[in-house]
Amino acid sequence: MKRSAYGQRAAEVTHPVAKKLLQCMEEKKTNLGVSADLTSQKEIVELIHEVGPHICVLKTHVDVIADFTPSFTVELQKLAEKYQFLIFEDRKFADIGQIVQRQYEGGVYRICEWAEIVNAHILPGPGIIEGLKQIGMKHNRGLLLIAQMSSAGNLLTPEYTQQTLAYAQQHADFVMGFIAQTKLTNDPRFLHLTPGVQFANSQDDLGQQYVSVEKALVENQTDVILVGRGIYLASSPREEARRYQECGWGYSV
Ligand code: 5BU
């Protein structure tokens, strides 16, 4: 049987979360992640039952859930187990190391207890990575560095992106990849996850800029597409997730 590049990489990488994600992608034949940006626990659970079989990652913004209770994260983990996907809290940490540790470990959300993947800006310097790493490594977690953004007028210059790559290389025991619009490195240890992907629209009215599945995966050579409104606002999120899965996987094998 022909193995996809994801399967080969799964065998090669040593980062436990990168390995798990690549194995999941290979087994489920999907490079689709869903951004579950809904504002009630019930809506998110319903969405997961629709899209769960088609995704490798569920991306959350827990702080937009109006009726959030800590038990929700227990349910999320059960659903991740049932449907076999990884949970990525798109927290975009951006503070000094000492504070991000508290934001990651404590507060209401206790993110490190349930999110296998989180992300961070490197704006404050490498102390943010060191801070998160001290917490995350104890829990077998992975970090994505935000190297590029999808939104118009963002300030992440090519030099900034290159510095992100350099920091990732210095912390490859914890950093498993990037949020990026284009592939930044051939280093197989690092995964590239791309938000701002949609079939239907090229933008929203607040600066979001979309690329097609083909552009993300073929032209820009990234690894995982992250789709939010393109799926959760569709009349059948299940069918739409299936379409994105088939399209994305078709470009990757
Ligand atoms: P959409 O509905 O597919 O437009 O949602 C995009 C999601 O990806 C949303 O959760 C954003 O927070 C997230 N995102 C993004 O759109 N662009 C970026 O550069 C980063 C995250 Br980083």
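Biologist: Glad to have you here; what should I know about the model's numbering and thresholds?

Modeller: Residues are numbered from 1 along each chain as its sequence is written, and side-chain values use heavy atoms, leaving out hydrogens and water. In this predicted model local features need pLDDT of at least 70, totals for chains, interfaces and linings use all residues, and side-chain atom pairs count only at pLDDT 80 or more.

Biologist: Thanks! How far from an oxygen atom of the ligand is the polar side-chain atom of Lys59?

Modeller: A polar contact is a pair of N or O atoms within 3.5 Å. The side chain of His61 places an N or O atom 2.8 Å from a ligand oxygen, and a backbone N or O atom of Gly228 lies 3.0 Å from one. For the polar side-chain atom of Lys59, the distance to a ligand oxygen is 2.7 Å.

Biologist: Nice. How much of the ligand's accessible area does the protein cover?

Modeller: Accessible areas come from the Shrake-Rupley method with a 1.4 Å probe. On its own the ligand has 500 Å² of accessible area, and the protein covers 91%.

Biologist: And how do the residues of the shell around the ligand divide?

Modeller: Ala, Val, Leu, Ile, Met, Phe, Trp, Tyr, Cys and Pro count as nonpolar, Asp, Glu, Lys and Arg as charged, and the others, Gly among them, as polar. By that scheme, the shell divides into five nonpolar, five polar and five charged.

Key: Polar contact = N/O pair within 3.5 Å; in protein donor to acceptor, adjacent residues only side chain to side chain.
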